[in-house]
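Please keep the sequence and the coordinates open beside the text.

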Amino acid sequence: MRRFTNLLAVLVSCAGLLALSACYGGTRPPRIGSNAPDFTVQDAQTKVTLSQFRGQVVVLNFWATWCPPCVEEMPSLVEMQRIMKAKGVTVVAVSIDVNENAYLKFVKDHAPNLLTVRDPEQKTPNLYGTHGWPETFIIDRNGVMRRKFIGPVDWTEPDITDFLSKL
């Protein structure tokens, strides 16, 4: 019976891996390797155009104040930018908050030391095909999308900072 249980556990694990690989399919996410769509977004405080960062590595992060994983990863984004700014890495954090007061309160209370702008109509995330939060795109110095992260990330991990420093 124990052998059967172990075999069943292995089969279930393999089925789970197959299901995950079927979702990914072994191909790159759409647009990776192509030019990042340029955009301009402006709220009451800030105006951002992607092309203004040409020559820098851009970490384009889509987030919201009501999204716990987004708020969870914000300190590591701030820290990564602090560490990597001298190497030409800039974080552009685009909030999809509809509620301007919630957004302004978050910015006031947390004072994230990075460029953040509010896009309540979600024009920019729609341009990138983003529907989950947080989602982040890494754009190289030539404006080409190199990676996409879905979900919260510890941006201070050596694998990530090494990747960014090589762009």
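## A lysine and an aspartate in helix α3

K105 is exposed, with a relative accessible area of 52%, where exposed means over 50% relative accessible area, buried under 20% and partly exposed in between (1.4 Å probe, protein chains only). The areas themselves come from the Shrake-Rupley method with a 1.4 Å probe, and for residues only the protein chains shown count as cover. K105 forms a salt bridge with D109, and the closest N and O atoms of this pair are 2.5 Å apart; the term salt bridge stands for a side-chain nitrogen of Lys or Arg within 4 Å of a carboxyl oxygen of Asp or Glu. D109 is partly exposed, at a relative accessible area of 48%. Because K105 and D109 are four residues apart in helix α3 (residues 100-110), about one helical turn separates them.

The model is a predicted one, in which local features need pLDDT of at least 70 and side-chain atom pairs count only at pLDDT 80 or more, while totals for chains, interfaces and linings use all residues. Residues are numbered from 1 along each chain as its sequence is written, and side-chain values use heavy atoms, with hydrogens and water left out.

## Overall fold

The protein has five helices and seven strands, which are DSSP runs numbered from the N terminus, helices being H or I with at least four residues and strands being E with at least two. Along the sequence, these elements follow the pattern α-β-β-β-α-β-α-β-α-β-β-α. The protein has 167 residues, and 41% of them count as buried.

Strand β4 (residues 89-95) contains T90, which counts as buried at 7% relative accessibility. T90 and I139 are 49 residues apart along the chain, and their C-alpha atoms are separated by 10.0 Å.

## Other salt bridges

The count of salt bridges comes to five. One of them joins the side chains of R82 and E79, with 2.7 Å from N to O. Both residues lie in helix α2 (residues 68-84), three residues apart, about one turn of the helix. R82 is exposed at a relative accessible area of 59%, whereas E79 counts as partly exposed at 30% relative accessibility. E79 can also be placed against N113, which is 34 residues away in sequence and 8.8 Å away in space, C-alpha to C-alpha.

Another salt bridge is formed by D140 and R146, whose closest N and O atoms are 2.8 Å apart. D140 counts as buried at 8% relative accessibility, while R146 is partly exposed with a relative accessible area of 36%.

## The disulfide

The structure holds one disulfide, a term that here means a pair of cysteine sulfur atoms within 2.5 Å. The disulfide joins C67 to C70, with 2.4 Å from S to S, and both cysteines are buried. The torsion about the S-S bond of C67 and C70 is about 75°, and therefore the disulfide is right-handed.

## A patch of negative charge

On the surface, D154, E157, D159 and D162 gather in a patch of negative charge. Such patches are made of residues with over 30% relative accessible area and no salt bridge, with like charges joined within 9 Å and nonpolar side chains (Val, Leu, Ile, Met, Phe, Trp, Tyr) within 5 Å. Lys and Arg count as positive and Asp and Glu as negative, whereas His and the chain ends are not counted; the place of a charge is taken as NZ of Lys, CZ of Arg, CG of Asp or CD of Glu.

E157 is found in the loop between β7 (145-150) and α5 (158-165), and this glutamate is partly exposed, with a relative accessible area of 40%.

## Backbone details in the loops

W133 and P134 are joined by a cis peptide bond, for which omega is about -10°. P134 lies in the loop between α4 (123-127) and β6 (135-139).

A111 is a residue other than glycine with a positive phi, near 40°. A111 sits in the loop between α3 and β5 (115-118) and counts as exposed at 54% relative accessibility. Q122, although not a glycine, has a positive phi of about 60°. The place of Q122 is in the loop between β5 and α4, where this residue is partly exposed with a relative accessible area of 23%.
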